Amino acid sequence: MRIVIADDTVIVREGLRSLLAAEGIQTVGEASDPAGLLRLVALERPDAAIVDIRMPPTHTDEGIAAAEQIRGQYPATAVLVLSQYVAATYAQRLLDDGTEGVGYLLKDRVGEASVLVDALHRVVAGECVVDPELVHRLMSGAAAAGPLAALSAREREVLALMAQGHSNEAIASSLAIGAKTVETHVAHIFRKLSIDEAPAVNRRVAAVVALLRTGSRMDSL
Amino acid sequence: MSHGVPLAAVAHHSARSVDHLAQSMRPAVVLSFDNAALQAAARGELAAARATAERLVERSESERRLLQRNLHDGAQQRLVGLAMAIRRVRSPAGDDAENPSRPELTGLLDDADALVREALVEVRRVAHGIHPPLLTELGLDAALQELADTSTHVVVRVARQGGPALAPDPMSQARDAIAYAAVEQFLDEAWRRGASRLDVRIQTDGIRGLALSLLDDGEVRSPHRDDVSDRITALSGRLSIHLGPGALAPGALGHVPGLVR
């Protein structure tokens, strides 16, 4: 796998490069700002780009905008956005544009090579990755008392894995249940949560995240 | 006459001598002018003190923002780098896998790894306490929405009463930071009072004015004045507290810190 890294801190770029090299992932370029990242992607056409959300000039959400641009112009490059703190607003913005080959992870995960490598493989395979901590928080927040109250414990487990972007097969193996059983749970979840049409496999992550957030949002008065 | 501006006109019977009149009026006139001068001075000092308090709060908020950003862009990045370095050394693929002291080393590195992870969580928590980064990045409405998303004990719902959502506004950063702190603190207080729900309503009032209405279903108890209410007052805001039946449940506490400028 060939990747590029965009982060304005040298320590982080170097750390990532050597950590990933040990896992057989080759870093073909490094950038410290969005413009440099887009030039690199255009030149190298990597399998994936690891993008820090905070980059110059404003050090706020440059990474999200850069991810949108990459996915618009170079759809063959998957994007994994790293964030210092997980915010549903950012995850939603990232997923609103489509959920194929995109991931949103807490930056702390870079220390866990296996989590990072797994996320890279999944986004390169066209899947979607949402940080488990964000999903956990959304599921235990306002949504828990609202829309999720109707779900069984098992259905909640399935929903949490689904919101993290796991495929039905992956959910089946991590819960040690059959693929058919997962499908049944998913159908029940969508019906109980009144998500009208079961969205395409990848779109469902965006649907779930949006739904979890509505628990805390009242209509404008 | 004062600097050529007429201050008062006196009508009198011409029979009385002007000198006599001036003599008898002098003490009263001098006294009232002194009073007026003192009042003007006091008003001026009050206005200056208010302006100073406002500047102090605004400066302190801007320092908080800078401190938060330094923590995220400085300390946190270095800790992330350190976490990766520890992982690399810890990796069993290292050259000295045969080294007899390896198990001991691995144990030490695991401890270091756990510590650095705790430090990362702690830095994030402290940085958020100093100034919630999302407030600068997304504005008050979205930052409160994130606060609601992450609240686990009390179900928080956020609504806007009229007007568009507040985008990040450099002119109102101090106000937004204080409004956010007020909600965060009230949420904590509501939880202590056994609330299960908190409704937050945001209303824009004029150009820079803001009114927050906080209603919960907890036990009714008088909130205490504290640092947050002092910061509201320093920005010439108002904090009004209504105790009594609220919209959520009988006996709910309504708490309205109005940050009206």
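## The second largest cavity

The residues lining the second largest cavity split into 2 nonpolar, 3 polar and 2 charged, where Ala, Val, Leu, Ile, Met, Phe, Trp, Tyr, Cys and Pro count as nonpolar, Asp, Glu, Lys and Arg as charged, and the others, Gly among them, as polar. They are B:H131, B:L135, B:T136, B:P168, B:D169, B:Q173 and B:D176. Two elements of chain B, α3 and α5, each give two or more residues to this lining; helices (H or I, at least four residues) and strands (E, at least two) are DSSP runs, numbered from the N terminus.

The space inside comes to about 40 Å³, and the structure holds 2 cavities of 30 Å³ or more. On a 1 Å grid over the protein atoms alone, a cavity is a set of points where a 1.4 Å probe fits but cannot get out, while a pocket is an open set with protein on both sides within 12 Å along at least five of seven lines; lining residues have an atom within 4 Å of a point. Grid points are joined across faces, edges and corners, and the volume is the space filled by probe spheres set on the points.

## A note on the model

This is a predicted model, in which local features need pLDDT of at least 70 and side-chain atom pairs count only at pLDDT 80 or more, whereas totals for chains, interfaces and linings use all residues. Residues are numbered from 1 along each chain as its sequence is written, chains are lettered from A and ligands numbered from 1 in the order in which they are written, and side-chain values use heavy atoms, with hydrogens and water left out.

## The largest pocket

Now for the open space: the largest pocket holds about 890 Å³. Of its 29 lining residues, A:R137, B:H128, B:L147, B:T150 and B:E184 are the closest to the centre. Both chains take part, with α6 of chain A and α2 (102-130), α3 (133-138), α4 (140-150) and α5 (173-192) of chain B each giving two or more residues.

The most comes from α2(B), with 6 residues. By class, this lining has 13 nonpolar, 9 polar and 7 charged residues.

## Where the chains meet

Chain A puts 39 residues in contact with 39 residues of chain B, contact meaning heavy atoms within 4.5 Å. Together the two chains bury about 3,400 Å², 55% of it on carbon and sulfur atoms; buried area is the accessible area (1.4 Å probe) that two parts lose on being put together, summed over both.

There are 4 salt bridges across this interface, each a side-chain nitrogen of Lys or Arg within 4 Å of a carboxyl oxygen of Asp or Glu. A:E112 and B:R117 are joined by a salt bridge at 3.3 Å, N to O. On the chain A side, α1 (10-21), α4 (88-96), α6 (132-140) and α7 (142-145) each give two or more residues, and α1(A) gives the most, with 6 residues. That side divides into 15 nonpolar, 14 polar and 10 charged residues.

## Within chain A

Over all chains, the structure holds 29 salt bridges. A:E30 and A:R17 form a salt bridge at 2.8 Å, N to O. Because A:E30 lies in strand β2 (residues 26-31) and A:R17 in helix α1 of chain A, the pair ties together parts that are 13 residues apart in sequence.

Two backbone details are worth a look. The peptide bond from A:P56 to A:P57 is cis, with omega near 5°, and A:P57 sits in the loop between β3 (48-52) and α3 (62-73) of chain A. A:R45 is not a glycine, yet has a positive phi of about 40°; A:R45 is found in the loop between α2 (34-44) and β3 of chain A.
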